[in-house]
Amino acid sequence: MIGWLLAHGPARKALGPILTAAAILLFVVNLRRAGERVGRGAERLDIKERNNAIHRKMLEAAARRPHDRNALVERLRSGRF
């Protein structure tokens, strides 16, 4: 019965535009999801870059630290701390 309705009359004429609208709707929804994924990826990259910069600063500070107590005392006396 349904097959006969789709094969004849106005239903057959409306089938093309309905399928076209459905395809366009699915395409737009897919674009939106892809945009959200790209946004999340960019946010993760920003966070990772910020964390790496902080870690790099910590490593640079650790490289400049005094190696022992005598070096620390010398540094404090010279006012370079």
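Colleague: Is I24 buried or exposed, and what is its relative accessible area?

Modeller: Buried means under 20% relative accessible area, exposed over 50%, and partly exposed in between, with a 1.4 Å probe and protein chains only. I24 has a relative accessible area of 51% and is therefore exposed. I24 lies in helix α2. Please note that this is a predicted model, in which local features need pLDDT of at least 70 and side-chain atom pairs count only at pLDDT 80 or more, while totals for chains, interfaces and linings use all residues. Residues are numbered from 1 along each chain as its sequence is written, and side-chain values use heavy atoms, with hydrogens and water left out.

Colleague: How is confidence read, and where is it lowest and highest?

Modeller: pLDDT is the predictor's confidence in each residue, from 0 to 100. The protein averages 88, and 89% of the residues score at least 70. Helix α1 (residues 2-7) has the lowest confidence, at a mean of 63, whereas α2 has the highest, at 92.

Colleague: How many helices and strands does the protein have?

Modeller: Helices (H or I, at least four residues) and strands (E, at least two) are DSSP runs, numbered from the N terminus. Here there are three helices and zero strands, in the order α-α-α along the sequence. Of the 81 residues, 1% are buried.

Colleague: Which residues form the nonpolar patch on the surface?

Modeller: Patches are made of residues with over 30% relative accessible area and no salt bridge; like charges are joined within 9 Å, and nonpolar side chains (Val, Leu, Ile, Met, Phe, Trp, Tyr) within 5 Å. Accessible areas come from the Shrake-Rupley method with a 1.4 Å probe, and for residues only the protein chains shown count as cover. The nonpolar patch consists of I24, F27, V28 and L31, with about 410 Å² of accessible area together.

Colleague: Which side chains meet in a salt bridge?

Modeller: Side chains of opposite charge can pair when their charged atoms come close. The criterion is a side-chain nitrogen of Lys or Arg within 4 Å of a carboxyl oxygen of Asp or Glu. The count comes to one salt bridge, between R32 and E36 (3.5 Å, N to O). Both residues lie in helix α2, four residues apart, about one turn of the helix. R32 is exposed at 58% relative accessibility, whereas E36 is partly exposed at 36%.
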